[in-house]
Every structure is written in C-alpha cells, then in structure tokens.
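Me: I'm new to reading structures and would like to work through this one with you. Could you show it to me first?

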Amino acid sequence: MSSLKTYIVEDSQVIRDNLIATLEELVPVQVMGAAEDEATAVQWLTGPDNDLDLLIVDIFLKRGSGLGVLRASSALTQRHKVVVLTNYATPDMRRRCLELGADRVFDKSNEIDALILYCERLASGDTGNSGHGTLG
Amino acid sequence: MNRLQGVVKRGLFVLPLACLVAVGMVVISEGSYWQAVGTLDDLGTMAAARSNIQGLERSILNAETGQRGYLLSGDSEYRKPYDDALLEIGASLEFLVQYYRNDPQASEVLAKLSALISTKVSELALTVRLYDEGKRKATEEIMRSGIGKEQMDAIRALSAELLARESRSVASGRSDIYQTLMFSRIGVALLSGFSLLALVLYLRQASMLVRQQLEQKRLAQAERDRLEVEVTQRTAQLTELTHHLQNAREDERSRLARDLHDELGALLTSAKLDAARIKSRLAGTAPEALERLTHLVETLNSGIALKRRIIEDLRPSSLSNLGLVATLEILGREFAEQSGSKVDCALEAVALDANAELVVYRLVQEAITNIAKYAKARQVWIGLSMHDGQVHVSVRDDGVGFDTAAQPPFAHGLLGMRYRVEAEGGTMSLESGPGLGTLIQVTLPASPAT
C-alpha cells in the first residue's frame with residue numbers, strides 16, 4: 001500500500017485541518033500541501049515539484065474558484081485523480097466539475113464516508129471508479 | 001350697521017325692493033286712475049252746470065220774448081214758449097241748487113240770481129195776468145218803466161259770474177288731471193328706474209353667485225389635485241420603501257443562508273470527519289460505542305438535513321441552480337405531499353431576471369401558504385407563461401374564497417405581494433368571493449433577451 005501524495009484546496013480552516021488529520025489517520029496519504037485560494041493552488045500545481053496522486057478541491061473559495069483549479073489541473077500532463085468536495089453538490093455543479101476533469105464529486109455534508117472509502121481504494125491500488133460510497 | 005352692510009352685500013334686499021316697486025307701481029297707477037276718473041266726472045258735471053246756467057239765461061229771454069209777443073199780438077201761440085221757458089227755468093234752478101249745495105259762495109250768488117229770476121218771472125206773470133184782465137194800460141206802464149231791462153242786466157251779470165266761476169273750476173279740474181298724469185308719469189318713471197336698478201343688482205348678484213360657485217369649484221378641484229399628487233407621491237414612496245425593505249429582507253436572508261451554509265456547514269462537516277475517525281478507531285473494539293456513534297452520525301445527518309431545509313427556505317438555491325420552472329414544480333409537489341390537495345402545474349420557461357424570478361417564487365410561495373392556511377382547497381392550479389414580452393403568473397384554487405372588500409387575515413401578505421410586483425414594474429389582480437375560490441394573477445415585464 002503506497003501512500004497517496006495529496007494536495008488539498010479548501011478555504012475553511014476547520015475543515016482543512018480536520019480533513020488532513022482524518023485522511024492521514026485513516027488512509028495512507030502524504031499531504032503535500034494545502035491552499036485556501038485559487039492562485040496559491042494553481043501556483044503550486046504548475047510548480048516543478050508537483051508529484052501528485054490525488055487533488056481534493058473545494059469549489060467556493062475565499063478568492064478565486066475551485067473550477068479554475070480544475071482547469072489548471074486538467075492542463076497538466078501528469079495524471080492524477082481529482083476529487084471535488086463541495087457544499088454545492090447540485091446535479092448542475094456535478095456535471096460542470098466532471099466536464100472540467102474531476103473524477104468524483106462528493107458532498108461535504110453527506111458523502112464524507114464515501115470520500116474516505118474512495119481514498120482507501122485509491123491507496124490500495126484500485127482505480128476508484130467502481131465504488132461509490134453510500135455510507136452516509 | 002354691519003348687519004345692514006351684510007344684507008346689502010349678500011343682495012338680500014333685492015327681492016323686497018322689487019316687491020316694493022311693484023306694489024308702488026300698482027298704487028300710483030290705481031291712484032292716478034281713480035283721481036283722473038273722479039276729475040273727469042266732475043268736469044262732466046261742470047259742463048252740465050254751465051249749460052244749465054246758460055239755459056237759465058236763455059229761458060228767461062225766451063220767457064220775456066214769449067210774453068212780449070203775447071202782449072203785442074194777443075196771440076195765444078206766444079204763450080207756449082213762455083210757459084215752456086218757465087218750466088225750464090224751474091228745472092235749471094233746481095239742478096243748480098243741488099249742484100252748488102256744497103259751495104256756500106256760489107250758493108249765495110245763485111240765491112241772488114234765483115231771487116232776481118223769481119222777481120222777473122213774477123213781473124212777467126203779473127203783466128200777463130193784467131193783460132188777460134184787460135188792463136192794457138197798466139201793462140204798458142210796467143213795460144215802459146225799464147225795470148225789465150235792469151233786471152235782465154243784473155241776471156246776465158250774475159250768470160256771467162257763475163259761468164266764470166265754472167270756467168275757473170274747469171280750468172282747475174284740467175290742471176288737476178295734468179298734475180295727476182304728471183305725478184303718475186314721474187312715479188312710473190321713478191319706479192321703472194328702481195325696477196331696472198333692482199334687475200341690475202339681481203343680475204349682478206346672480207353673476208357674483210356664479211363666480212363664487214366657480215371659485216369654490218376651482219378651489220375644490222385644486223385641493224383634489226393636490227391630494228391626488230400627494231397620494232401618488234406617498235404611494236411611490238411606500239412602493240420604494242417596500243422595495244427597499246424587501247431587498248433588505250432578501251439580503252438578510254441571503255446572508256443568514258450563507259452563514260449557515262459556510263459556518264455551520266463547516267462545523268458539521270468537521271464533526272462528520274471526527275465521527276469517521278472515531279469509527280475507524282472503535283471498529284472491532286467496542287461494538288456498543290460503535291452503535292452510539294452510528295446514532296450520533298444519524299443525529300448529525302438530521303442536523304445537516306435541517307440546515308439544508310432552513311437554507312433552502314431562506315434562499316431557494318434551486319432557483320439559481322434549477323431555474324424557476326423546476327423550483328415552482330418542486331414547490332407544488334411539496335405542497336401536494338403536505339396538504340393532500342391536487343396541484344396542477346402548467347409552467348413554461350420564461351425570461352425574467354434574478355430579482356423578478358425571486359418575486360414570482362415568493363408570490364407563489366405566499367399564495368400557497370395562504371391556500372394551506374385558509375382555503376381548504378381540493379385543487380390548486382399554478383400557471384406560468386409568456387406572451388408579447390409579458391410574463392403571466394397565476395395561482396388559482398377551488399377553496400372557500402373570501403370577500404375582497406373585507407380585510408382577510410392574510411391582507412398584509414397580499415399587500416406585500418402587490419408592492420413587490422409593482423416595484424418590479426408589474427401588476428397584480430385578485431379575484432375571489434365567498435365559496436368561489438381565489439385567483440391571483442400577476443403580469444411582469446419579461447427581461448430583455450439574455
């Protein structure tokens with residue numbers, strides 16, 4: 001089980017800290033860094049040392065938008081999984097995120113367990129596409 | 001004095017003055033008429049008196065002529081004029097005595113004349129009697145004495161005096177008539193003048209009254225216009241205020257929804273993350289604790305669902321996410337589920353800006369709330385359509401309805417709706433009646449093509 005190199009874009013510090021702690025505890029991840037706005041995230045992604053397995057993005061940020069981060073991510077040559085974690089997981093929003101290259105979209109309130117499960121599967125070498133968390 | 005001026009000012013004296021003038025005209029006209037008639041009658045009597053005086057003189061001459069003829073000729077033919085003349089003398093004297101009975105001076109003259117005439121007549125009678133008795137000598141003496149001529153002169157003088165008196169009376173009678181006529185003329189002229197004055201005053205008063213009425217009408221109209229302008233202004237202010245308050249309310253709701261969403265959402269998400277970590281640690285070691293944890297997660301999920309509902313109620317995210325038609329469908333479906341009423345939606349996509357969409361949403365929401373609270377409806381129809389750049393919204397129910405003239409308990413809600421619609425440049429109409437259900441129709445201008 002290799003550790004997932006993960007980068008997190010989330011503007012709420014409460015969630016960011018807790019999410020990092022939870023993932024590090026439950027899943028073999030290595031959190032490479034975190035950003036709370038679009039510019040910082042894009043700068044890190046396009047940087048030279050951007051060896052990455054998983055990108056977790058919130059859509060609504062204090063400055064900029066997660067959608068911009070998705071665009072920047074899909075422009076990268078290196079392949080990695082992209083997950084959107086948002087409070088606005090409407091069908092429309094899900095569609096737009098998937099169009100911009102996101103692999104999965106999780107609702108912040110209801111799909112935390114599904115996100116963790118997805119990360120576990122990724123870490124165990126699964127593609128992550130077969131399972132859809134329903135653990136509520 | 002002031003009261004009198006008031007009376008003059010108000011023209012209250014005009015009618016009495018006109019009556020007075022009319023009465024005066026009649027009095028003067030009647031008075032003059034009767035005085036003139038009296039005077040003319042007197043003049044007629046005076047003419048009779050004159051002819052009697054002249055007749056008296058003529059009769060005496062006739063008597064004397066008859067007597068002379070009789071004495072000279074002895075022919076009894078001449079006795080007839082003599083006898084006739086005596087009769088006429090009697091009649092004339094009687095008339096004159098009667099005529100002058102109220103005039104002592106004239107009566108005195110008449111008495112003298114009468115005495116002279118009776119002396120003359122008795123002298124004539126004496127000569128005739130002497131002649132008849134054959135005493136011709138005595139008769140001749142009497143005739144030659146010249147007494148007869150003196151007597152006749154005296155009679156003529158007295159007759160002339162009476163005649164002159166009559167002439168004076170006639171002249172004074174005529175001047176009386178002239179005076180009466182003149183008086184009548186002046187009176188009528190004066191009173192005509194007065195009546196003209198009264199007419200002029202009356203007309204002036206009438207025109208003044210008309211002017212006053214016009215002025216009052218103008219003032220009333222000006223007051224009405226002023227009030228109308230004020231009402232329009234106030235209404236505009238109220239509409240503006242309502243608009244402002246509604247905007248403030250929506251802003252407040254948005255802020256509240258955002259806070260709930262962001263802050264409370266973050267806390268709940270964080271709690272869920274903690275729960276996931278605890279669950280992982282407890283797995284296999286403490287099944288009872290795991291059970292409590294599952295319950296805690298369920299409670300958290302209920303909290304999240306409640307938060308969602310509150311946020312959705314505060315600001316329908318489906319409006320921006322799904323659009324108006326889907327949002328109204330959801331609204332209708334939820335109402336049908338809660339109330340058991342049948343809801344029939346006929347909804348077309350329309351072009352409205354975000355504010356107007358929110359107004360339509362709130363309107364349908366308010367209408368449905370009212371239906372749920374009061375209408376006891378079995379069926380509800382919700383309509384949304386667009387023709388000729390106008391968006392039409394209608395909400396109809398087959399419930400109990402209400403008297404639109406009365407103040408229903410939800411009047412403020414209706415008024416709020418109306419103001420919101422008007423603030424968006426639209427119109428709202430309401431049709432209802434006891435037992436007739438309720439129909440709310442709103443027309444809003446469509447937003448320019450987007």
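Me: How many residues of chain A are in contact with chain B, and which helix of chain A gives the most?

Reply: This is a predicted model, where local features need pLDDT of at least 70, side-chain atom pairs count only at pLDDT 80 or more, and totals for chains, interfaces and linings use all residues. Residues are numbered from 1 along each chain as its sequence is written, with chains lettered from A and ligands numbered from 1 in the order written. Counting a contact when two C-beta atoms, placed from the backbone, lie within 7 Å, 18 residues of chain A touch 16 residues of chain B. With seven residues, the helix that gives the most to this side of chain A is α1(A).

Me: Which residues of α1(A) are buried, and what do they pack against?

Reply: Helices (H or I, at least four residues) and strands (E, at least two) are DSSP runs, numbered from the N terminus. Buried means 20 or more other C-beta atoms within 10 Å of a residue's own, exposed means 12 or fewer, and partly exposed is in between, with C-beta atoms placed from the backbone. On that count, the buried residues of α1(A) are A:Ile15, A:Arg16, A:Asn18, A:Leu19, A:Thr22 and A:Leu23. They pack against β1, β2 and α5 of chain A, together with α6 (147-282) of chain B.

Me: Is β1(A) largely enclosed or open, and which strands does it pair with?

Reply: Five of the six residues of β1(A) (4-9) are buried, so the strand is largely enclosed by the rest of the structure. Strands pair if DSSP finds at least two bridges between them. Six bridges join β1(A) in parallel to β2(A) (29-35), where A:Lys5 stands opposite A:Gln30.

Me: Over in chain B, which residues of α3(B) are exposed on the face turned away from its buried side?

Reply: The buried residues of α3(B) are B:Tyr82, B:Ala85, B:Ile89, B:Ser92 and B:Leu96. Down the helix axis they fall within an arc of 85° (taken from the directions from the axis to the C-beta atoms), so they line one face. That buried set packs against α2 (14-73) and α4 (104-132) of chain B. Turned away from it are the exposed B:Lys80, B:Asp83, B:Leu87, B:Glu94 and B:Gln98.
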